[in-house]
Amino acid sequence: MSGSLFRKELEFFRPYVQGKPIEAVRREYGLSRIEKLASNENQFGPSPLALEAMREELENINFYPDGSCFELVGALAGHLNVSPDSLVIGNGGEGLLWLISMAFLNAGEEIITSEPSFDIYSMSAVFMGAKPVKTPLRGQRFDIDALIGRANERTKILYLANPNNPTGHIASREEVDNLIKGIPEDVILVLDEAYHEFASAFPDYPENSASLPEKRPNTIVLRTFSKIYGIAGVRAGYLITSPLLAGKLNAVRQVFGVNRLAQVAAKAALKDSAYLRRIVLENRGAVAFLTEYFDRRGLEYFPSYANFVWVNTGRDSKTVFEELQRKGLIVRPGYLWGWKEWLRVSTGTPEQMAFFADKMDEVLA
Ligand SMILES: Cc1ncc(COP(=O)(O)O)c(C=O)c1O
């Protein structure tokens with residue numbers, strides 16, 4: 001064999017920078033209280049219905065899961081009013097994002113994304129030998145005209161995280177319509193709606209995106225059970241697209257990629273509308289707490305439609321992040337996206353929000 005042991009794309013591959021787990025911070029700093037508001041997790045525990053379903057399913061984990069996720073697909077199809085053959089279930093939204101890159105991208109092709117946005121779009125593109133074309137925001141909005149302007153004959157996929165991570169802002173109904181009108185029909189539009197349920201009650205958030213693939217078949221709408229339903233740890237996400245795309249994605253996905261606990265938990269969580277309503281309300285309260293706090297401190301932030309707030313600390317975010325971590329508070333520093341003074345803070349319980357404000361006061365003092 002000559003040359004490198006690894007695929008040449010790995011030369012340019014920059015792995016995802018994960019935050020430190022709570023246990024590691026505890027070991028390092030010897031702290032009694034540590035709060036992690038760094039991964040946009042649901043701090044209120046899993047959906048109780050999901051928990052109960054998993055408890056019952058535990059006895060069956062000697063058996064492989066149903067690779068087709070028949071029951072969950074049926075439940076989702078009813079819930080979303082879409083055809084079962086337009087759905088693909090994945091090992092979290094992240095699993096589906098990798099699957100999308102692996103199914104569609106050839107070396108030399110391009111993807112378009114915004115900057116800052118979710119890293120996996122670019123990482124998985126680079127892994128496939130494709131080129132990420134990053135488009136800066138315009139103020140606190142996506143630059144829809146620039147996104148359209150970047151599309152050329154090499155463009156395969158355009159990603160729009162709505163709400164966006166790490167900023168929490170959205171593309172409005174009108175902006176999504178304009179984007180769809182402006183890009184060629186053969187560009188696959190991925191609307192990543194990981195935080196959909198937090199945003200859906202806002203009047204400017206696009207309604208009914210689940211039905212978009214019926215009108216524009218090269219559209220993929222991606223959602224997850226990790227956030228509002230509180231089951232990030234078992235990994236379940238889904239996408240809605242045209243039967244043609246779904247068929248191919250289902251043909252190439254991992255056969256047993258979605259485990260038994262994830263399947264029953266997701267199906268049960270879908271029915272847990274009381275839990276969902278409670279989390280939406282708790283989240284609204286926490287976002288209001290954070291933004292009022294930032295207003296008091298005179299700090300600039302993006303309006304959040306999700307379960308986190310993107311704030312300009314006016315200082316080096318690496319230093320602020322490290323000082324907060326030393327005090328037992330883990331957040332996500334903006335320098336990781338090249339936004340040197342910004343932080344992303346996930347929402348949490350009222351007690352966690354008060355802890356955040358206390359620690360932030362100490363660091364800013
Ligand atoms: C925008 C966005 N998309 C997708 C995901 C993937 O979530 P999961 O793999 O937990 O479903 C996340 C998680 O943080 C996200 O922020």
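This is a predicted model: local features need pLDDT of at least 70, side-chain atom pairs count only at pLDDT 80 or more; totals for chains, interfaces and linings use all residues.
1. The domain assignment gives domain 1 as 17-45 + 274-364, and domain 2 as 48-271. Taken over C-alpha atoms, the centres of domain 1 and domain 2 are separated by 25 Å.

2. Next, the ligand. Which residues come nearest to the ligand? Of the 13 residues around it, the nearest are G92, G93, E94, T224 and S226. Helix α4 (residues 92-104) gives the largest share of this shell, three residues. By type, the shell around the ligand divides into four nonpolar, seven polar and two charged residues.

3. Helix α4 also packs against another helix. The partner is helix α5 (residues 119-127), and the two pack at an angle of about 40° with their axes 9 Å apart. The crossing of α4 past α5 is right-handed. From α4, the contact uses E94, L97, W98 and S101, while α5 brings I120, Y121, S124, A125 and F127. The residues of this contact divide into six nonpolar, two polar and one charged.

4. Helix α2 (residues 48-57) and helix α11 (residues 260-270) pack at an angle of about 145°, and their axes are 8 Å apart. Here too the crossing is described as right-handed, with α2 passing α11. On the α2 side the residues are L49, A50, E52, A53, M54 and E57, and they meet R260, L261, V264, A265, K267, A268 and A269 of α11. This contact divides into nine nonpolar, no polar and four charged residues.

5. L49 sits in helix α2. Leaving out residues up to four places away in sequence, L49 touches A268, A269, K271 and D272. By contrast, A146 is 97 residues from L49 along the chain, and their C-alpha atoms are separated by 44 Å.

6. L245 is buried because 22 other C-beta atoms lie within 10 Å. L245 and I100 are 145 residues apart in sequence, yet 9.7 Å apart in space, C-alpha to C-alpha.

7. Most peptide bonds are trans. The bond from E115 to P116, however, is cis, with omega near 5°. P116 is in the loop between β3 (110-115) and α5. N162 and P163 are also joined by a cis peptide bond, with omega about 0°. P163 lies in the loop between β5 (155-161) and α7 (173-182). If you prepare this model for a calculation, these are handy places to begin reading the backbone.

8. Most residues other than glycine have a negative phi. N81 is not a glycine, but its phi is positive, at about 60°. N81 is found in the loop between α3 (70-80) and β2 (87-90). With 9 C-beta neighbours inside 10 Å, N81 counts as exposed. N208 likewise has a positive phi, near 60°, in a residue other than glycine. N208 lies in the loop between α8 (196-199) and α9 (212-215). Why does N208 count as exposed? The reason is its 10 C-beta neighbours inside 10 Å, since a residue is exposed at 12 or fewer.

Technical notes:
Residues are numbered from 1 along each chain as its sequence is written. A residue is near a molecule or strand if its C-beta atom, placed from the backbone, lies within 6 Å of it. Helices (H or I, at least four residues) and strands (E, at least two) are DSSP runs, numbered from the N terminus. Ala, Val, Leu, Ile, Met, Phe, Trp, Tyr, Cys and Pro count as nonpolar, Asp, Glu, Lys and Arg as charged, and the others, Gly among them, as polar. Domain bounds come from an automatic or database domain assignment. Axes are lines fitted to C-alpha atoms, for helices over the stretch in contact, and angles run from 0 to 180 degrees between N-to-C directions. A crossing is left-handed if the near helix is turned anticlockwise from the far one by less than a right angle, and right-handed if clockwise. Two residues are in contact if their C-beta atoms, placed from the backbone, lie within 7 Å. A residue is buried if 20 or more other C-beta atoms lie within 10 Å of its own, exposed if 12 or fewer, and partly exposed in between; C-beta atoms are placed from the backbone.
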